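Have a look at it first.

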Amino acid sequence: MPPAPPREPWPRRDRAAVLALVIAGAAGVVALRSGAGLWGAMGTDAPLWGLTALDLRVGAPPLVPPLYPALTGLLHRAGLGLVPAAQLVAGLGAALVPGAVAGAARAGGASTENALIAGILALIMPDLGAWSQQVQPDSLGALLLVLAGGALAVHSRAPGRGSGLALVAVATLAPLLRAHGLPLAALAVLALVAVPGGRRWAPLALAGWWLGPLLVGLRPGPHPLAQPWGDRAGGALSALWATDAEAVPYIRELHREARRAYLGLLHTGDRGAQIRWHAGRSLRLATDGWLLLAASAAAAVAGAVRRRRGPPVVPAAPLLALVLPLLVTLPALIIWSQRRHVLLAVPLALAGLAAAAPRGGGRARAGVLAGAVAVASVLVPRWPGTVAALQSERPRAEHYAALGDWVCETTPDTVLLGGIFQDVGLYCPRPRHDPDGSLADWHTALISDRPPPATALPGQWRPVHTGPGGLAVYRLVPDGGAPLPCAAGHAAPDTAHLAVAAARARWEGCAGADLAQPPPASPGQPAPPGE
């Protein structure tokens, strides 16, 4: 095997530029949160990602890729509250993105000045600012895409131990983070196989892809694609051949007219129309993102052609390798059909634009600056709306937090949470149970905006606390002043904190008791909390 090419030293000014961007990113995260008065769990899927951190801790199966929840859980066990821990992970990821963009651009052949400009443009992305405040892994997803592109660029130029280990890390961590991590893992393995200097790392990358769940305490499947959360990860693409609305995970997110139109496509089985529907919706919601992605791809091809025809100062392969992750994630970006999914790829697109930009002074520098101003003119006007949207989430978060504080302060630790408002669990981490006529109903705090239906058990649901936002806490109270059945019991240790359907908890510690009927009244038994 020929020896690996010598490692090129990284210029000091490049390191200084990356460090400055990371510091600026961290300062921006803090300034946005304090300056805009943001508070509480933000993001459309905050319970999904935040409560999964608790499920990993108790051994309940995760419903989403578990890397972000696992990192959140580490900080939560260290003493941080669940929401601050989740936001700290998201904020750290966002702070690293601008520096990673500059480093990836340099790996693709950009000059230091052009790479710095790309990092600054990533820094002022309003979407990146929003991700830094939310309880979801979008900032880490954008960071992973940039790091994958940079690792591929380095590997195409001078394969060695550093690039090999970086691609092994991509193959291992990408499937644990987001659904689009699956094609990224496959791309990393193929890149190692395609370049002779990296083939010795390919088996390790494949093993990391397969055994990666062990890093978060989960059992791997029989092959790399058989992940415990595979149903969720593959839901978007598998919806293209679904015929039942229940198999489409995003059907409830659509407005009534859009839902009716999509159901019609499902019934007729017109897959081409489904793809056009998704593509049209994605283009409409993220027009600016798609324009930047298209510009990056076109600039990369043009830049590679220019490099091949010109003097061999900078090779063309690293530039094409840098933007290759954009190609493999394209189907997921289209099918997910939401703006934030498309914008995940924009930081890598900015790195590609910088790497494809011509070097030199005079006219070339003026062209780069003009392009940067054009991109900034697209990004900056979105800041007021982004900040206003984040601020609008605070009242809702305060309502949920107030209810969670009341439940945690006034009920025993064994009381479960029920109802569709799962955000309350972010502020009062209790396992979930939705009433089903079992013993666990007696030990459930049901959060609802309307009175629950009558129960078949010998008791009645009564409001014990009214919180803000029209929400109330209901408890099941036995008839005739009888005590709670099995008040000394507890839910099974692996009871989940998150549910996508009705949650069912198994109440334990009541051997020999009638699980549906309360035992005879005994003197001195305390009344249910809140009564």
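Which residues make a nonpolar surface patch of about 250 Å²? Leu80, Leu88 and Leu92 do. Before going on: this is a predicted model, where local features need pLDDT of at least 70, side-chain atom pairs count only at pLDDT 80 or more, and totals for chains, interfaces and linings use all residues. Residues are numbered from 1 along each chain as its sequence is written, and side-chain values use heavy atoms, with hydrogens and water left out.

Leucine 88 sits in helix H4, residues 82-107. With a relative accessible area of 38%, leucine 88 counts as partly exposed (buried is under 20%, exposed over 50%, partly exposed in between, with a 1.4 Å probe and protein chains only).

Now for the rings. Three aromatic pairs turn up, where ring centres must lie within 6.5 Å, and planes under 30 degrees apart count as stacked, over 60 as edge-to-face and the rest as tilted. Here are two of them:

| Pair | Centres | Planes | Type |
|---|---|---|---|
| Tryptophan 39 and tyrosine 427 | 6.0 Å | 10 degrees | stacked |
| Tyrosine 400 and phenylalanine 421 | 6.3 Å | 40 degrees | tilted |

Tryptophan 39 and tyrosine 427 link distant parts of the chain, 388 residues apart. Tryptophan 39 lies in the loop between helix H1 (12-35) and helix H2 (46-58), and tyrosine 427 in the loop between strand S1 (416-418) and strand S2 (444-448). Tryptophan 39 is partly exposed at 34%, while tyrosine 427 is buried at 16%.

In the tilted pair, tyrosine 400 belongs to helix H22 (residues 394-410) and phenylalanine 421 to the loop between S1 and S2, 21 residues apart. Both tyrosine 400 and phenylalanine 421 are buried.

Methods
Patches are made of residues with over 30% relative accessible area and no salt bridge: like charges are joined within 9 Å, nonpolar side chains (Val, Leu, Ile, Met, Phe, Trp, Tyr) within 5 Å. Accessible areas come from the Shrake-Rupley method with a 1.4 Å probe; for residues, only the protein chains shown count as cover. A salt bridge is a side-chain nitrogen of Lys or Arg within 4 Å of a carboxyl oxygen of Asp or Glu. Helices (H or I, at least four residues) and strands (E, at least two) are DSSP runs, numbered from the N terminus.
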